[in-house]
Amino acid sequence: MEPALDDAIRLHKSGNHAGAEPLYRAVLDRDPANRGALQMLAMLLVQTGRPAEAVGHFQTILRLEPGGVAGYSNLAAALRLAGQGAEAIACLHRALALDPAHAASWFNLGNGLKQLEKAAGAARSYQRTLAVEPGHAGAAGNRKTLRDQWGPRLDEAERQAAAARHPLADADARAAAAEALEAVGDAAAAETMARAALDRDDRNHRANRLLGRLLLERSGAMDVRSGKPFAVDRSLVEEAIGALRRAVAVRPDDEADWLHVAAVATLVQVGMASEAVLRDGARAAWVRLRRHPKDTVAASVIGFHVYRRDRLVLASWLSQRFRRRFTAAEVAREHELGLWTMLRADDAFFRALPPVDAVLESMAPLEWRIEPAPGPAGEPATEPAVFFCCDDVYFRRFAPALLESLAERMPGATVAVHVVAPSPETEQAMARWRTDGRLSVGFSLDRPEMVGWADVKRVTYYASARFIRALQWLRRLDRPLMVIDTDARVAQDLRALSVEMADHDVGFLVDGRRRGPSREITVCFNVYNNTPGGDRFLSLLGAYIGHFLAGAEVYWMLDQMAHYAVFDWLNRHEPIRVRRFDFLNFPYCHFVGGK
């Protein structure tokens with residue numbers, strides 16, 4: 001053992017955590033794959049209340065030793081303490097698949113299930129721990145604590161389950177047993193019992209409602225969060241919807257109607273809703289809105305259905321009508337309601353929009369700092385420029401990597417950058433890129449007055465005003481403009497797309513799963529040609545965005561909603577030539593975050 005590691009362990013065991021930690025880190029600086037130092041530092045971090053930091057070290061150990069049972073168990077313990085209970089449970093199941101007699105993993109599984117209030121599973125896990133290691137004091141103590149808290153409910157669930165297994169037990173008895181099993185966290189047994197109840201009577205509303213809810217939980221649909229990785233089992237969700245519909249058919253006022261509508265909304269948002277599922281969901285949503293006139297999920301399902309039928313004017317009218325039921329504060333709290341509030345597709349709205357020049361006059365002036373190098377004299381500027389725009393925080397976080405990827409994949413390209421309220425350091429960074437020589441760089445900025453703006457309006461300004469600035473750059477450069485997210489990385493030379501953009505006005509990265517008018521045109525990469533159609537689109541887009549930025553109510557994803565609404569209106573009145581690129585199969589860029 002390395003002497004420094006030996007010293008660190010000695011200090012650690014004596015309780016001198018402050019002295020041991022820097023020694024562990026020094027060992028890892030010299031040897032990042034030192035498993036002993038990784039293990040001991042991770043344990044120290046858990047002991048000193050930093051489990052989230054320990055997670056990374058335990059994950060490194062597993063990469064070095066993929067089959068390590070103890071590694072999975074230790075990682076699970078850290079994940080549980082860091083508040084990632086579901087991830088911890090998954091780790092422990094992997095550990096026990098490798099070694100079903102690993103007492104520490106059974107014990108940690110019991111603790112994880114207890115934290116998630118899955119008392120029945122926790123009790124079984126502690127019992128398995130003691131079967132493998134009879135003297136395990138922690139398991140014995142935790143099992144006693146669990147019995148003190150959950151004993152009567154566990155006993156009742158066991159009693160009802162035993163009675164429900166009798167061959168003559170009716171559907172109600174089995175449904176009651178299923179509910180009792182669910183109450184103690186035994187989802188698998190509850191699902192089996194609910195199915196047994198439906199074998200007796202497939203119209204039993206309690207069993208159908210419970211089965212639907214359990215299937216939704218098992219499908220992953222209940223864990224969908226914006227920006228968070230997720231996996232949804234479509235077949236389970238559709239089976240759940242079938243059960244919930246049967247429950248509502250028997251009891252129209254049952255809570256299953258909300259679960260049904262919510263499940264349909266989730267399927268749309270993750271791109272898995274079939275036309276039939278959405279149609280039936282919209283019908284259920286109309287019925288629910290009669291009893292719950294402020295149900296935003298039901299309203300969004302209706303909106304999704306109308307949008308899928310390419311009737312955006314009707315969707316816009318319905319969303320405006322529904323919006324009147326809420327105060328501005330209520331809209332601000334409901335993300336999906338805020339999205340639909342920004343949908344306008346009617347002719348009256350578009351014809352009343354002021355010209356984009358009026359929007360520009362009301363904004364903070366654009367200040368030109370650096371001009372790109374001019375092209376060869378006398379030749380038209382046909383090669384596209386790449387444009388991105390962000391605030392100063394995003395610039396420091398993402399722009400250096402994007403610029404490096406552009407320099408590597410597109411040497412000599414023209415790149416225009418706009419930063420809102422840049423720091424002196426950001427201006428200096430752009431000056432360095434000007435002299436770097438690998439790219440022909442342009443730089444502009446603005447400093448808007450944002451006093452009194454809500455946070456959502458500030459972040460929406462950064463995301464949406466970039467397209468107004470893109471119009472100014474398009475006109476100044478008079479060459480095609482490719483607008484890219486600042487958190488993107490370029491994988492191939494974007495100039496190769498010039499051939500595909502020939503004879504088109506705009507190019508959109510489109511999500512073909514039809515996830516809603518604010519999610520279809522992703523705006524993480526768009527192309528605007530220096531044609532009358534390209535200028536017309538950006539001008540109308542700028543007027544649309546400016547309308548909302550000038551008001552009090554503006555919400556995240558305005559830029560995406562505006563693109564779809566403007567495209568829809570132009571397609572009906574002044575068609576432009578559009579090239580669609582597949583968002584799910586676009587080899588030119590890699591994007592960061594949940595798109």
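In which loop is Asp503 found? In this predicted model, Asp503 is located in the loop that connects α26 (498-501) with β7 (506-510). The phi angle of Asp503 is near 65 degrees, which is a positive value in a residue other than glycine. Most residues other than glycine have a negative phi. Asp503 has a relative accessibility of 64% and therefore counts as exposed, the threshold being over 50%.

The predicted protein comprises 595 residues, of which 53% are buried. Its secondary structure consists of 28 helices and 10 strands. Along the principal axes, the C-alpha atoms occupy a box of roughly 85 × 75 × 45 Å. When contacts between residues at least 6 apart in sequence are considered, 70% of them link residues at least 24 apart.

Nonpolar side chains in soluble globular proteins tend to be buried together. In the present model, the largest nonpolar core contains 163 residues, and the residues with the most contacts inside this core are Tyr24, Phe350, Leu481, Phe537 and Tyr544. A second, separate core of 38 residues includes Ala413, Leu509, Val527 and Tyr588. Apart from its neighbours within four places in sequence, Tyr544 contacts a set of residues that includes Met342, Leu343, Arg344, Phe349, Phe350 and Leu353. Leu558, Met561, Ala562, Ala565 and Val566 are also among the contacts of Tyr544.

Leu558 is likewise touched by Thr460, whose other contacts beyond four places in sequence are Ala465, Val554, Tyr555 and Trp556. Thr460 belongs to helix α24 (residues 455-464). Because its relative accessibility is 1%, Thr460 counts as buried.

Ala413, a member of the second core, is in contact with Ser440. With neighbours within four places in sequence left aside, Ser440 also contacts Pro372, Ala373, Thr414 and Val415. Ser440 is part of strand β4 (residues 440-446). The relative accessibility of Ser440 is 12%; buried means under 20%, so this residue counts as buried.

Helix α22 (residues 392-409) is made up of 18 residues. The distance from its first C-alpha to its last is 25 Å, close to the 26 Å expected at 1.5 Å a residue. The buried residues of α22 are Asp392, Phe395, Phe398, Ala399, Leu402, Leu403, Ser405, Leu406 and Ala407. These buried residues pack against the strands β2 (385-391), β3 (414-420), β5 (481-484) and β6 (488-490), as well as against helix α23 (424-436).

Helix α7 has 13 residues, which should span 18 Å at 1.5 Å a residue; its end C-alpha atoms are 18 Å apart, in agreement with that expectation. Of the 13 residues, 10 are buried, so α7 is largely enclosed by the rest of the structure. Among the buried residues are Trp106, Phe107, Leu109 and Leu113, together with the glycines Gly110 and Gly112. The elements that cover the buried residues of α7 include α5 (69-81), α6, α8 and α9.

Just after α7, Glu117 adopts a positive phi of about 65 degrees, although Glu117 is not a glycine. This residue lies in the loop between α7 and α8. At a relative accessibility of 53%, Glu117 counts as exposed.

Helix α9 (residues 137-164), one of the elements covering α7, contains Leu146. Leu146 counts as buried because its relative accessibility is 1%. Beyond four places in sequence, Leu146 touches Lys114, Ala119, Ala122, Ala123, Tyr126 and Gly151. The C-alpha atom of Leu146 is separated by 58 Å from that of Gly546, which lies 400 residues away along the chain.

The second largest pocket holds about 1,000 Å³ of space. Its lining is formed by 26 residues, and those nearest the centre of the pocket are Ala86, Leu116, Lys118, Glu217 and Asp223. At least two lining residues are supplied by each of α6 (85-98), α7 (103-115), α8 (119-132), α11 (187-200) and α12 (205-219). The largest share, 5 residues, comes from α6.

Conventions. Residues numbered from 1 in each chain as written. Predicted model: local features only at pLDDT ≥ 70, side-chain atom pairs only at ≥ 80, totals over all residues. Heavy atoms only, no water. Helix = DSSP H or I, 4+ residues; strand = E, 2+ residues; numbered from the N terminus. Buried < 20%, exposed > 50% of the residue type's maximum accessible area, 1.4 Å probe, protein only. Contact = heavy atoms within 4.5 Å. Core = buried A, V, L, I, M, F, W, Y, C linked by side-chain atoms within 4.5 Å. Expected span 1.5 Å × (residues − 1). 1 Å grid on protein atoms, 1.4 Å probe; cavity = no way out; pocket = protein on both sides within 12 Å on 5 of 7 lines; lining within 4 Å. Points joined across faces, edges and corners; volume = space filled by probe spheres on them.
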